[in-house]
Amino acid sequence: MMAFGEIGYQFGVRTRTRRDEDAMASLGSMVGGLLAMAAFVLAFTFSMASSQNDQRKQDVLQEANSIGTAYLRADLLDQQYKTEVKRLLQDYVDVRLEAANTRNLNALIAESVELHSLLWAQVSAAAIARPNTNTSLVVQSVNDVIDMHEKRLTDALRNRIPGIVWIALSAIIALTMITLGTQAGFTGKRRLVATIPLILAFAVLMTLVVDLNRPQSGLIKVSQQSMIDLQNSMGPNHAPTVE
């Protein structure tokens with residue numbers, strides 16, 4: 001942004017000898033319009049990133065509830081299935097928490113899918129052995145856990161701000177900074193006291209939007225407290241793996 005502002009300033013300095021008397025007035029209105037447009041597009045982009053971040057928070061809560069429900073309903077199964085289903089769900093919570101705090105994501109996603117298969121094998125065997133309302137409830141709960149995996153994966157890794165929005169935002173801000181610099185060049189005064197805070201404000205907001213748009217590597221991360229609480233509630237013999 002500073003570079004584009006300097007480009008505009010140098011252009012204004014080189015052309016100010018040929019300016020007409022209405023140049024400053026027209027440039028002022030252009031700068032105001034471009035600043036308003038840049039602020040609007042930036043606010044729109046921030047709203048998209050913020051809503052996606054909120055959805056990721058809801059996904060963590062929903063997944064914790066789904067796993068917790070399946071864990072409780074496992075008590076409705078016969079002993080030979082109940083113990084294994086509960087153990088697999090405990091392992092699943094560990095994997096999900098580890099996935100949220102590491103960059104080795106692909107391996108942990110594969111492990112999650114493998115646990116889905118093991119869970120489904122257990123509950124389907126229980127339903128076949130004793131088909132009744134209780135086993136149906138457990139099957140439904142495990143199915144919800146599997147569905148939440150795909151939903152959370154989609155919201156975390158695939159629902160991002162489209163590239164065309166980034167291109168449009170970058171282009172508008174670049175044009176705004178060039179025009180702002182051109183106006184300063186026409187006057188021959190940089191007015192850095194006002195220009196630098198303005199540019200920094202836009203830079204901070206863009207950095208915040210970028211950070212919200214990369215949940216796995218940014219500074220702003222979705223809290224996993226719901227999953228941690230679930231992990232702690234799964235019995236005294238199950239030691240938590242995440243502080």
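**Pockets, helix packing and burial**

Q: What makes up the lining of the largest pocket by class?
A: The lining has 13 nonpolar, six polar and six charged residues. Ala, Val, Leu, Ile, Met, Phe, Trp, Tyr, Cys and Pro count as nonpolar, Asp, Glu, Lys and Arg as charged, and the others, Gly among them, as polar. The model is predicted, so local features need pLDDT of at least 70 and side-chain atom pairs count only at pLDDT 80 or more, while totals for chains, interfaces and linings use all residues. Residues are numbered from 1 along each chain as its sequence is written, and side-chain values use heavy atoms, with hydrogens and water left out.

Q: What makes a space in the protein a pocket and not a cavity?
A: The test uses a 1 Å grid over the protein atoms alone. A cavity is a set of points where a 1.4 Å probe fits but cannot get out, whereas a pocket is an open set with protein on both sides within 12 Å along at least five of seven lines. A residue belongs to the lining if it has an atom within 4 Å of a point.

Q: What is the volume of the largest pocket, and which residues are closest to its centre?
A: The volume is about 390 Å³. Of the 25 lining residues, A100, R152, A156, Q216 and Q224 are the closest to the centre. Grid points are joined across faces, edges and corners, and the volume is the space filled by probe spheres set on the points.

Q: Which elements give two or more residues to the lining of the largest pocket?
A: They are α2, α3 (79-100), α4 (105-129) and α5 (133-158). The largest share, six residues, comes from α5. These elements are called helices because they are DSSP runs of H or I with at least four residues, numbered from the N terminus; strands would be runs of E with at least two.

Q: What volume does the second largest pocket have, and which residues line it?
A: The second largest pocket has a volume of about 160 Å³. Its lining consists of M2, G5, E6, Y9, M177, L180, G181, A184, R190, L192, T195 and I199. Two or more of the lining residues come from each of α1 (2-15), α6 (163-187) and α7 (192-212). By class, the lining divides into seven nonpolar, three polar and two charged residues.

Q: At what angle do α1 and α6 pack, and how far apart are their axes?
A: The angle is about 35 degrees, and the axes lie 6 Å apart. Axes are lines fitted to C-alpha atoms, for helices over the stretch in contact, and angles run from 0 to 180 degrees between N-to-C directions.

Q: Which residues make the contact of α1 with α6?
A: From α1 come F4, G5, G8, Y9, F11, G12, V13 and T15, and from α6 come A174, M177, I178, G181, T182, A184, G185 and F186. Contact means heavy atoms within 4.5 Å. By class, the contact has nine nonpolar, seven polar and no charged residues.

Q: Why is D59 called buried?
A: Buried means under 20% relative accessible area, exposed over 50%, and partly exposed in between, with a 1.4 Å probe and protein chains only. D59 has 1% relative accessibility, so D59 counts as buried. D59 is in helix α2 and touches M148, K151, R152 and D155, not counting residues up to four places away in sequence.

Q: Why is A36 called partly exposed?
A: A36 has 47% relative accessibility and therefore counts as partly exposed. A36 is in helix α2 (residues 23-73). The C-alpha atoms of A36 and T176, 140 residues apart along the chain, are separated by 9.5 Å.

Q: Why is D147 called partly exposed?
A: D147 has a relative accessible area of 43%, so D147 is partly exposed. D147 belongs to helix α5, and its C-alpha atom is separated by 9.6 Å from that of S66, 81 residues apart along the chain.

Q: How do you know that T182 is buried?
A: The relative accessible area of T182 is 8%, so T182 is buried. T182 lies in helix α6 and touches G8, Y9, F11, G12 and L27, not counting residues up to four places away in sequence.

Q: Why does Y9 count as buried?
A: Y9 has 11% relative accessibility and therefore counts as buried. Y9 is found in helix α1.
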